[in-house]
Amino acid sequence: DCQEIINKMPSRIHVEYKGVLNPEEIPRTLTQFHFFFLPTTGENFGHAILESLLSGTPVIISNTTPWTNLVDLGVGWDLPLYEPRSFLKVLRDATNMEGKQYLELRKRVMRYREKILDIEPQIEGYNKLFSKE
């Protein structure tokens, strides 16, 4: 289905199918791209979104996932699907982003990554919740 859509794209739009990735190739591959784009209709968790953030790659996603407030966090955008113009604006802004501005965005994603990976506060919370004291 994707190949059929790609073949019907206007000549001014370049789409290249890259094939299947082995799971161990995903982090390295994500770091090679400027943004992760996933306008999904819904995700229970959004593992691909997490993988992108863990790789330091900013995300442009729909607001139908648990990954919200990304603009406030400075790590990407979560946009409503019923506003396609908002996606167009963000894509335009993202592709016109200056190098220094993009590097700052990527640094914020890396700092956010450290917060995601810091599970100690959650462990402490669970220990308090389930302790007999």
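Select Phe-36 first: this residue stands opposite Val-59 in strand E2, where strands (E, at least two residues) and helices (H or I, at least four) are DSSP runs numbered from the N terminus. The model is a predicted one, in which local features need pLDDT of at least 70 and side-chain atom pairs count only at pLDDT 80 or more, while totals for chains, interfaces and linings use all residues. Residues are numbered from 1 along each chain as its sequence is written, and side-chain values use heavy atoms, with hydrogens and water left out.

Next, show residues 36-38, strand E1, which runs parallel to E2 and is joined to it by three bridges; two strands count as paired if DSSP finds at least two bridges between them.

Now move to E3 (residues 76-79), which pairs with E2 in the parallel sense over four bridges; here Trp-77 is the bridge partner of Ile-60. Colour E2 (residues 59-62) by side: Val-59 and Ile-61 on one face, and Ile-60 and Ser-62 on the other, are all buried (under 20% relative accessible area; exposed is over 50% and partly exposed in between, with a 1.4 Å probe and protein chains only).

Finally, centre on Thr-31, in the loop between helix H2 (26-30) and E1. Thr-31 is partly exposed, at 39% relative accessible area. Leaving aside neighbours within four places in sequence, Thr-31 is in contact (heavy atoms within 4.5 Å) with Ser-55, Thr-57 and Arg-106.
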